[in-house]
Amino acid sequence: MSSPFPLEGRRRAVRPSPVFLAVIAITALGGALAWDAPLDSIRAKVGVFVFVVFGWVVTLCLHEFAHAFTAWRAGDREVELRGYLTLNPLKYSHPLLSIVLPMVFIALGGIGLPGGAVYVHTHNVAPRTQRMISAAGPAVNALWAVVLLAIVRFQGSADAHPAFWFGVSFLAFLQITATLLNLLPLPGLDGYGIVEPSLSYATRRSLDQFKPFGILILFALIFTPAINQLFFDVVYTLFELSGVPSNWSRYGGYSTRFWT
């Protein structure tokens, strides 16, 4: 059975914006600065900071694009009209809350918060498709975690270009945190979107009122000491499955928060 959206149609719909391409270029610049810089040098710390923060924005755009593209494939044409298929970070919800706030939390706390948001019409599609749309974003973060950790595992070195490899390790660490946080079944998060089609109509209606406060509930949970400890224990356990030393991500985090 042929796709209802042929390849040529997809190419016309997906148009990476100059803003997204600029973010990629800045990420690459940060990586280049860190590549051959001495580990404790100002150049290394600036390079890692730029690489991690703007690299995070790149993956945030890909996360939201995955939601939008999956919805577009399911027939939601408004995602194209809203500019969600351009990968422009300014198109994904409120720039301050969706882009700047997660960047601040990366710089201060080493947590990859759920960032932007796309508004898609899921009520006209089958429950299975609703789940696919919601799961597409976290799947991107999980994929990036695997790819980045695989690269570090087989190419990274603590002796050659350590600042760069530590930065890549920390960016992978953030992808794991983002995957887990997004999968929490809290109203307003992707995890809830995955389970929502299985809930009764009355339950969905009663939980709809909490969707605007999902991120606030997440803050309250993640800053509860016992939950925070458990969360990071799980993150580091998953990170270490790659064979990459967990300290590499910590060193990358220290470089990103170069002022501490």
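Helices (H or I, at least four residues) and strands (E, at least two) are DSSP runs, numbered from the N terminus. The views below show a predicted model, in which local features need pLDDT of at least 70, side-chain atom pairs count only at pLDDT 80 or more, and totals for chains, interfaces and linings use all residues. Residues are numbered from 1 along each chain as its sequence is written, and side-chain values use heavy atoms, with hydrogens and water left out.

**View A. Thr177 in helix H7.** Thr177 belongs to helix H7, residues 162-182. With a relative accessible area of 0%, Thr177 is buried (buried means under 20% relative accessible area, exposed over 50%, partly exposed in between, with a 1.4 Å probe and protein chains only). Leaving aside residues up to four places away in sequence, Thr177 touches Gly110, Ile111, Gly112, Phe231 and Val235; contact means heavy atoms within 4.5 Å.

View B. Helix H3 (residues 42-73) has 32 residues and reaches 46 Å from its first C-alpha to its last, close to the 46 Å expected at 1.5 Å a residue; the expected span is 1.5 Å times one less than the number of residues. Because 24 of its 32 residues are buried, H3 is largely enclosed by the rest of the structure. Just after H3, Gly75 adopts a positive phi of about 110°.

**View C. The bend in helix H6.** The end C-alpha atoms of H6 are 41 Å apart, which agrees with the 42 Å that its 29 residues should span at 1.5 Å a residue. At Ala136, H6 bends by about 35°, and Pro138 follows within four residues; the bend is the angle between axes fitted to the seven residues ending there and the seven starting there. The buried residues of H6, including Ala136 and Pro138, pack against H3, H7, helix H8 (190-195), helix H11 (225-240) and helix H12 (246-256).

**View D. Two loop residues with positive phi.** Leu87, in the loop between helix H4 (78-81) and helix H5 (95-109), has a positive phi of about 65° although it is not a glycine. At 5% relative accessibility, Leu87 counts as buried. His161 is placed in the loop between H6 and H7, and its phi is near 55°, a positive value in a residue other than glycine. At 27% relative accessibility, His161 counts as partly exposed.
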